Amino acid sequence: MRLYGAESGEPAYDIKPRVTAFLTDSTLCIGCKACEVACKEWNGLAADGYNWSGNSYDNTGALGASTWRHVKFVETPAVAGMGGNSGEELPTFSFSSDVCKHCENAGCLEACPTGAIVRTEFGGVFIQPDVCNGCAYCIVACPFGVVAKNRNDGRAFKCTFCYDRQKVGLEPACAKACPTESIRFGELNELRLVAQERIEELESRGVRDAQVYDPIDTSVGGIHAMFLVRGDPRTYNLPPNPEIPTIYAKAGWKSSAIAAGVLIAGSLLAFLGGRG
Amino acid sequence: MSLPERVPDVESELRLLQLRREAEKRGRIEAAGVRPEGAPFPQATPQDGYYHIPLLKPPMWTWEIPLYFFVGGAAGASAVIGAMANWVGRDRQLARHARLVAAGGAMLSSGLLISDLGRPERFLAMLRVFKKQSPMSVGAWTLAAFGSAAGAAAFAQLVQDRFDFRPVRVLGNVAEFFSALAGAPFSNYTGVLIGATAIPVWNQNVSTLPLHFGMSGLATSVAILELLGNSQSRALNWLGLLAAAFESWEGFHIESHENQRVMAPLKHGGSGWLTRIGGAFSGPLPLGLRIASAITGSRRARRAASYSALAGSLLTRYAWMRAGHASAKDYRLPLEIEGEQQASKPPSSAGPMLRPEER
């Protein structure tokens, strides 16, 4: 497996491959879960079971070690003209298929001590399963709570961005299975434009609360799996200001150096004093 | 109990047709609709997030990891104390004990890490690359360097105990120097390790956690060395006082921190109690006992201070781990939601799909 710039620093191809991305449009999602099923089938992941969460029709809850696509059923207080038609009684529904964000500055990738987590030639973040040693540090380093540990196997797993399919020029399984093209797959910068056009189109049709979730101004520096959502992204469990945990390291190492200094100087003084 | 089974009949079908005609004619339905049993159902809002489901994943480390923080802290500090006892204090017995504690702690540390990883060869994957931006990578390499040096120093000590050759002594001292050099960061890097994460209660405390863990490690090391029979050492008592004084300040710092929302797991619930008990055993209690021992010369008070510091340090590591779990479960923090935390519904993996009356 040759990865772009992973070991040698040399590109695997002469032509730079395009940087790909997802744009998941909640205004088109119908909550059919075809993406979840397609992901599980393609990647051979264990089923989630028929668990009834009581949170709308969500039976998956969150992304996990064997759940790399997760359809959120966002049942919100009624919005006139959307969902129910009584205006008060019935809630408004929207659906959104969650996935690994494939951050521009990825916390998991920086935290990985083995080099198992790499950036592929398509710009995605990929865990090499044969290198991962199960230290679980990436799990607490992910600001989106995406990476999880398979308890039986010990290693960490998440969406691979269908690296195997992308290598042979195919789109990821979830995007292919999506019946409404709610999951768009394409070149990152192109999809950013597509997202803006879609926002304008929705606005012209009277939907004024749609926005693209792409935290480009935070330390995460943008994501390769953007979401078009209506209203506050927090209702979709999308954090307003995700931060890559490496920003905390500098203060930590400063404190570590002080602690080491105190330990050495303290011991020196204690034994100097103890001599007398 | 079984669900009431509704059989469609002419009446129900006519009603549906009626509704459909109404919708066609007026574009809306004025009937009340059906409110299912159990309503109102949870809703996703900017105040509740996504049904109070936590965004962040909790740490998935096993029980070995907080114990590793405890053992590693003691081992690293012992190497520094031993080197100073050897070169400055001329306390041969203390230096000898410190070398053995450092090496034993390093071995135990590796064992605990391997046990957490599941298979021994998985630890070797840590030494595949060096990444300065990953505290886990820096720590693994520090452990490797520290373990080698501390092991060599202890081996030289054991040889020296039988045959006192000058070359063995020199090699032992060189190894001791390097073990102290690696031991100083090794005793506190675990604070950076958990501080540089997405877990709010950890990353909010990143600038004090390494000092806190380092001083906790120093207290543990002092306690072990005292209990091994060095309770006459005035230097150890000074170091024990330093650590206990810092830990007392740390407890005060936690209690008076301005960001009470993020600090909540250190003050409330199971992790809060563990933090407070651990803090009392690490800070004020040994501080008082050591001062009492210095005034009255009571050896029992000093022994009690050692035991108290050991227990406090161990509890403190588990308290921080549990606080991390509690912090990850607080859906409000990453979503920047103000207000009280609402009870979260059980996660979807709680059980099989049940009918409402079976729940």
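This is a predicted model: local features need pLDDT of at least 70, side-chain atom pairs count only at pLDDT 80 or more; totals for chains, interfaces and linings use all residues.
User: How many nonpolar residues are in the contact of α2(B) with α6(B)?
Analyst: On the α2(B) side, the contact residues include Gly72(B), Ala75(B), Gly76(B), Ala79(B) and Ala83(B). From α6(B) come Phe177(B), Ala180(B), Gly183(B) and Glu176(B), among others. Gly counts as polar here. The contact has one charged residue and six polar ones, and the number of nonpolar residues is nine.

User: What is the handedness of the crossing of α2(B) and α14(B)?
Analyst: Helix α2 (residues 64-89) and helix α14 (residues 299-329) of chain B have axes 9 Å apart and an angle of about 140°. That angle makes α2(B) and α14(B) oblique to each other. The crossing of α2(B) with α6(B) is left-handed, whereas that of α2(B) with α14(B) is right-handed.

User: Which residues of α2(B) meet α14(B)?
Analyst: On the α14(B) side are Ser313(B), Leu314(B), Arg317(B), Tyr318(B) and Met321(B). By class, the contact residues of the two helices are seven nonpolar, one polar and one charged. The residues that α2(B) brings are Ile65(B), Pro66(B), Phe69(B) and Phe70(B).

User: How far does α3(B) reach from its first C-alpha to its last?
Analyst: Helix α3 (residues 92-117) of chain B has 26 residues. At 1.5 Å a residue, the expected span is 38 Å, and the model comes close to it. Just after α3(B), Gly118(B) has a positive phi of about 105°. The reach of α3(B) itself is 38 Å.

User: At what angle do the axes of α3(B) and α9(B) cross?
Analyst: The two helices meet through residues such as Leu94(B), His97(B) and Val101(B) of α3(B) and Ile224(B), Leu225(B) and Leu228(B) of α9(B). Their crossing is right-handed, and α3(B) and α9(B) are oblique to each other. The axes come within 10 Å, and the crossing angle is roughly 125°.

User: Over in chain A, which are the edge strands of the sheet?
Analyst: Four strands form an open sheet with mixed pairing, in the order β8-β1-β10-β9. An edge strand pairs on one side only. The strands that do so are β8 (183-187) and β9 (210-213) of chain A.

User: Which residue is the bridge partner of Val212(A) in β10(A)?
Analyst: β9(A) runs antiparallel to strand β10 (residues 225-230) of chain A, and the pair is joined over four bridges. Helix α6 (residues 188-204) of chain A lies across both of these strands, and across β1(A) and β8(A). Within β10(A), the partner of Val212(A) is Leu228(A).

User: Finally, which element gives the most to the side of chain A that touches chain B?
Analyst: The contact between the chains involves 77 residues from chain A and 79 residues from chain B. On chain A, the elements giving two or more residues are β2 (69-76), α2 (107-111), α3 (137-141), β6 (148-149) and α7 (249-275). That side has 39 nonpolar, 29 polar and nine charged residues. With 20 residues, the element that gives the most is α7(A).

How values were computed
Residues are numbered from 1 along each chain as its sequence is written. Chains are lettered from A and ligands numbered from 1 in the order in which they are written. Two residues are in contact if their C-beta atoms, placed from the backbone, lie within 7 Å. Two strands pair if DSSP finds at least two bridges between them. Axes are lines fitted to C-alpha atoms, for helices over the stretch in contact, and angles run from 0 to 180 degrees between N-to-C directions. Angles under 35 degrees count as roughly parallel, over 145 as roughly antiparallel, 65 to 115 as roughly perpendicular and the rest as oblique. A crossing is left-handed if the near helix is turned anticlockwise from the far one by less than a right angle, and right-handed if clockwise. The expected span of a helix is 1.5 Å times one less than its number of residues.
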